[in-house]
Amino acid sequence: HYEHYKGVRYGRGKPHSKGYVRAQWSMFHLDKYTACEYIAFFDSDVVLFTFVTPHLLFSNARQPIVKGIRGNAMFHRAIAVLGWEFVAEFMQDFPLLLHRSTFTVARQKVVDAASDLTSDSSKVRCLRLGLCRSWALSDQASRSIKASVGAPESWRFDEAFLWLHLMLVQYGLRGFDDASILPCAQSILGHVAWHWQRHDYAWSILDPGCLPCT
């Protein structure tokens, strides 16, 4: 549904582009291009300043380590739109190492969140988090998608991701036109791992509020 994407920009003053959204969509499908049990990936502009060795990627219990930071909620709006509790910013450290099953779970959880549009809990989700003045924002985005790809009950991941993207665009039109409205795959995948596969991973989450003052 690339033709329905809207241009977004990675920070104020930067040009709008559909390419960023397409790149995020593609990261949800990395498990389709390898048979490996674990998948490590990073952005194209990342500079590796040390060797990527197994002891940096896996805990002593042989679980992949996922790193995050609290108090640095750069891509939290997508998590809020999906109705999930924000835990930490997982767009934090590269490579991000995930079990291949996490990608399958993530695609389904995004579909589940988008398909919940008709429930009262979904309306409360939008209003309670202060991301929109009224449910009309979500309804406006939903109507736009329905006209193109059908009703939510028939959506698959592509349609659900489009809904998430257009919801964030609606917020952007109302003053949030910055990186916080982007559907960051690393942030979403990290939250899927935390909420639904927590015991399959080792977690290294920095909370600056807990650091001692000097």
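Trainee: Where is R62 found?

Mentor: R62 is found in the loop between α2 (54-57) and β2 (65-69). Helices (H or I, at least four residues) and strands (E, at least two) are DSSP runs, numbered from the N terminus. The model is a predicted one, in which local features need pLDDT of at least 70 and side-chain atom pairs count only at pLDDT 80 or more, whereas totals for chains, interfaces and linings use all residues. Residues are numbered from 1 along each chain as its sequence is written, and side-chain values use heavy atoms, with hydrogens and water left out.

Trainee: Why is R62 called exposed?

Mentor: Buried means under 20% relative accessible area, exposed means over 50%, and partly exposed lies in between (1.4 Å probe, protein chains only). The relative accessible area of R62 is 53%, so R62 is exposed. R62 also has a positive phi of about 65 degrees although it is not a glycine.

Trainee: How do you know that the charged end of R62 sits over the ring of F58?

Mentor: A charge sits over a ring if NZ of Lys or CZ of Arg is within 6 Å of the ring centre and within 35 degrees of the ring normal. The charged end of R62 is 4.8 Å from the centre of the F58 ring and is listed as sitting over it.

Trainee: Why is H191 counted as buried?

Mentor: The relative accessibility of H191 is 0%, and therefore H191 counts as buried. H191 lies in helix α8 (residues 185-197). Eleven of the 13 residues of α8 are buried, so this helix is largely enclosed by the rest of the structure. Among the buried residues of α8 are S187, G190 and W194.

Trainee: With which residues is H191 in contact, leaving aside its neighbours within four places in sequence?

Mentor: Contact means heavy atoms within 4.5 Å. H191 is in contact with I79, W84, E85, F86, V87, A88, F90 and W196, with neighbours within four places in sequence left aside.

Trainee: What makes F28 and F157 an aromatic pair, and why is the pair called tilted?

Mentor: Rings of Phe, Tyr and Trp (its six-membered ring) pair if their centres lie within 6.5 Å; planes under 30 degrees apart count as stacked, over 60 as edge-to-face and the rest as tilted. The structure holds nine aromatic pairs. In the pair of F28 and F157, the centres are 5.1 Å apart and the planes stand at 50 degrees, which makes it tilted. F28 lies in the loop between α1 (19-27) and β1 (38-41) and F157 in helix α7 (residues 157-172), so the pair ties together parts that are 129 residues apart in sequence. Both F28 and F157 are buried.

Trainee: Why is the pair of F41 and F103 called tilted?

Mentor: The ring centres of F41 and F103 are 6.1 Å apart and the planes stand at 55 degrees, so this pair is tilted. The pair links F41 in strand β1 with F103 in helix α4 (residues 100-114), 62 residues apart. F41 and F103 are both buried.

Trainee: What makes the peptide bond from F94 to P95 cis?

Mentor: The bond from F94 to P95 is cis, with omega near 0 degrees. P95 is placed in the loop between α3 (76-82) and β3 (96-99).
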